[in-house]
Amino acid sequence: MHGSCRSSRGVQYWPGLQWAKTEEQIAAEEAWYETEKVWLVHRDGFSLGSQLRLEEGSPLPEGKVKVKLDHDGTVLEVEEDDVEKANPPSCDRAEDLASLLYLNESSVLHTLRQRYGGNLLHTYAGPTMVIINPLSSPSMYSEKVMHMFKGCRREDTSPHIYAVAQAAYRSMLMNRQDQAIVLLGASGSGKTTNCQHLVQYLATIAGSTGKVFSAEKWQALYTILEAFGNSSTGMNGNATRFSQIISLDFDQAGQVASASVQTLLLEKLRVAKRPANEATFNIFYYLLACSDSALRTELHFNHLAENNVFGIAPLSKPEEKQKATQQFNKLQAAMKVMGISGDEQKAFWLILGAIYHLGAAGATKAGRKQFARHEWAQKAAYLLGCSLEELSSSIFKHQPKGTLQRSTSFRQGPDEPPLGDGGTGPKLTALECLEGMAAGLYSELFTLLISLLNRALKSSQHSVCSVTVVDTPGAQNPELAGQSRGATFEELCHNYAQERLQLLFHQRTFARELERYKEENIELALADAEPGSSDSVAAVDQSSHQALVRSLARTDEARGLLWLLEEEALQPGGNEDTLLERLFSYYGPQEGGKKGHNPLLPSDKPRHFLLGHSSGTNWVEYDATGWLNHVKHNPASQNASVLLQESQK
Ligand SMILES: Nc1ncnc2c1ncn2[C@@H]1O[C@H](COP(=O)(O)OP(=O)(O)OP(=O)(O)O)[C@@H](O)[C@H]1O
């Protein structure tokens, strides 16, 4: 967001702020600027510092300008557009970016960098807070520090994650209104860590009626979610692979009366398939390193197979193994805190063990689709409490078991066969059937886990208002992690969710606030506030006007990728190439069209494309190979739930 704004009364405002400067202050600061003429240079997303002055004889504007670095006298030639006004020294390390006299990209980056250099990770940006990952363990989080924020007003507190929690808590109590805190940022930027501190603060400061929620319970919940929902990826060694909404419900007295966690978009297929060099969910490594010999024997973990088609293998380095063993013990203790009994825990280990052995069993098509190594499939069947035949037919034969109704896509008519099950879509391979079962089992297990966690958090106490915290996987870009692969469909879903939240941020922070100024007839001369960009969002989710009716006709009406996926999966001969062809016809660069005004760009690799997220500031190259499979109906996945319901264990 560029530009500051000024009302006609000579007082500087920024939307969402009560903050204002007097005319004298502004005049003094502008006079300083006029005499000192200090500029900031912004290049490739970096501010080059505040010590830049115009070289004599190279006036602004017009093309390129020369600037001289104060500290070593280096002279740089830079684009005129990269040079922006610097702020006076009184703005150094400003606690609130909105208080800068000249609010521009360079000065924002410069201020954040200055603060980070002084170990100040948090900076207000009006009603929002910017937090930078310290990549270390600073000693700024403790119960003692929490008490320094307790009861404070937002204006009286220095920027800190506890100040965000305190402001939401206070606002909820004062206005009796629900509050929401949404964390945004790239993968690995620190969202989940900050979410942990936010909720920890609320649990500690607010207290809870009847101990339904406590800091100890929150720690336990966090440990469990991290074990089952996180994995190591190229961008983050402990990345969250699902979206979560944590809700704390408060009573009249401001204590937590009940709590809940909702989860969405779990990357369930990760148990069976993921990008090279990425890990499966943490829990598999913990369980494979467990030191309980009786449990190991029961899970048939004493002799492990050499091959696992799901790529699940125990950790090899002794120190990593030891850490995983400790994590497993910690997890068991956390499950106990959340009231998950020994028998219930056992059910989790059996299902996880079965998934592992299914990977060892593998799949093949020798005449018919079947397991490649039956002895391992037998172990999986034993752990799941069913016969080998039952397991085999649940995976490879496509009649749904029991009374389970097949779910149909919302765009499919009730009489139409689901894709991949006699429909017109491509058939599933034996391995895809096996992967479907593993993903189905993991999804059931995760759903069960969340319901057991919520069992420990609910109560019959009456609540008045809630604080909700939203944490989703951050923006994904394999290129930023030095990986040469294209991004996956799951990564697209996470990027899309982030972008929808960014649009919400833009709407709440700027658009709605500006409307209020207009209603109150306060004139604003905004330099260049950018509209919230939604082109890349439409390229993903634009739906057809003929809602709910699936069409085999390829029309000119623009539709987003999610809609096209379903249509192309139904087309005879539809594949990822035809999918991208259509997507580009709607959102790609148009002949004679202006460059930079479309969200899609072609790649020179087959079935790859580039999508410009966040107003084209984060171009991600995707590899669409195999994406049509995501809309294929996989009966094995559905059969997983029946298999578990009918289990002898
Ligand atoms: N404020 C902080 N203090 C200490 N360490 C931090 C902080 N923020 C982040 N980290 C470190 O950075 C790592 C990545 O942070 P985190 O997992 O919270 O990122 P994220 O934004 O939630 O990522 P993803 O979107 O991939 O889930 C953490 O494991 C932690 O080690």
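This is a predicted model: local features need pLDDT of at least 70, side-chain atom pairs count only at pLDDT 80 or more; totals for chains, interfaces and linings use all residues.
Reader: Which residues of the shell are closest to the ligand?

Author: Of the 18 residues that surround the ligand, the closest are S187, G190, T192, A239 and G474 (near means a C-beta atom, placed from the backbone, within 6 Å). Two elements give two or more residues to this shell, namely α5 (191–206) and β13 (239–240). The largest share, 3 residues, comes from α5.

Reader: How many helices and strands has the protein chain?

Author: There are 19 helices and 21 strands, taken as DSSP runs numbered from the N terminus (helices H or I, at least four residues; strands E, at least two).

Reader: What share of the chain is buried?

Author: Of its 649 residues, 38% are buried. Buried means that 20 or more other C-beta atoms lie within 10 Å of a residue's own; 12 or fewer make it exposed, and anything in between partly exposed, with C-beta atoms placed from the backbone.

Reader: Which residues touch the most other members of the largest nonpolar core?

Author: They are L198, L202, I224, I355, A380 and A438, in a core of 104 residues (buried Ala, Val, Leu, Ile, Met, Phe, Trp, Tyr and Cys joined through C-beta atoms within 7 Å). Helix α13 (residues 430–455) gives this core its largest share, 12 residues. A separate, second core has 22 residues, including V540 and Y587.

Reader: Changing topic, why is β14 largely enclosed?

Author: Strand β14 (residues 243–250) has 6 of its 8 residues buried, so the rest of the structure largely encloses it.

Reader: Which strand do 8 bridges join to β14?

Author: That strand is β15 (residues 256–264), which runs antiparallel to β14; pairing requires that DSSP find at least two bridges. I246 has V261 of β15 as its bridge partner. In the hairpin, 5 residues lie between the strands, and G254 takes a positive phi near 85°. β14 also pairs with β18 (residues 465–471), in the antiparallel sense over 7 bridges, and there F250 is partnered by C465.

Definitions and conventions:
Residues are numbered from 1 along each chain as its sequence is written.
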